[in-house]
Amino acid sequence: QVQLVESGGGLVQPGGSLRLSCAASGSIFSINTMGWYRQAPGKQRDLVAVISSGGSTMYADSVKGRFTISRDNAKNTVYLQMNSLKPEDTTVYYCNVDLRGGSGTREVYWGQGTQVTVSS
């Protein structure tokens with residue numbers, strides 16, 4: 001079994017910054033892609049950013065130039081640096097990890113979600 005622990009959400013003023021972290025632990029053989037999604041109440045969960053095992057990244061158009069995704073493979077951790085935050089970035093953020101477990105099977109896990117609120 002694998003656990004994902006998210007941290008770093010909170011309340012910030014417009015134009016401010018936050019850094020989200022998501023650490024994976026447990027029976028992990030290797031990690032493929034790691035990503036961040038966000039979901040507003042009553043809406044679908046949308047991709048924010050994703051990073052491959054080789055470091056290639058992809059971003060939603062709405063966050064390009066403001067958010068940066070990175071990963072520390074030694075710590076099985078993915079980060080999301082969010083700058084120039086806007087009120088419309090307010091919602092719950094979820095990390096997603098696509099990995100091979102200890103048995104070699106492909107598994108996908110979601111974090112518990114962390115609230116980001118951008119407000120003055």
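**Exercise 1. Classify the aromatic pair.**
Task: A search of the whole structure, a predicted model, turns up one aromatic pair. Which kind of pair do the rings of Y37 and W110 form?

Solution: 
1. Two values describe a pair of aromatic rings: the distance of the centres and the angle of the planes.
2. The ring centres of Y37 and W110 are 5.0 Å apart. The cut-off for a pair is within 6.5 Å.
3. Their planes stand at 70 degrees. Over 60 counts as edge-to-face.
4. The Y37 and W110 pair is therefore edge-to-face.

**Exercise 2. Find charges over rings.**
Task: Over which ring does the charged end of R19 sit, and over which face does R45 lie?

Solution: 
1. R19 sits over the ring of Y79, 4.0 Å from its centre.
2. R45 lies over the face of Y94, 3.7 Å from the ring centre.

**Exercise 3. Describe the fold.**
Task: How many helices and strands does the protein chain have, and how compact is the chain?

Solution: 
1. The protein chain has zero helices and 11 strands.
2. Its radius of gyration is 14 Å, close to the 14 Å that the globule rule gives for 120 residues.
3. The chain is therefore as compact as a globular protein of that length.

Terms used:
Residues numbered from 1 in each chain as written. Predicted model: local features only at pLDDT ≥ 70, side-chain atom pairs only at ≥ 80, totals over all residues. Heavy atoms only, no water. Phe/Tyr/Trp six-rings, centres within 6.5 Å; stacked < 30°, edge-to-face > 60°. Lys NZ or Arg CZ within 6 Å of the ring centre and 35° of its normal. Helix = DSSP H or I, 4+ residues; strand = E, 2+ residues; numbered from the N terminus. Rg over C-alpha atoms; globule rule 2.2 N^0.38 Å.
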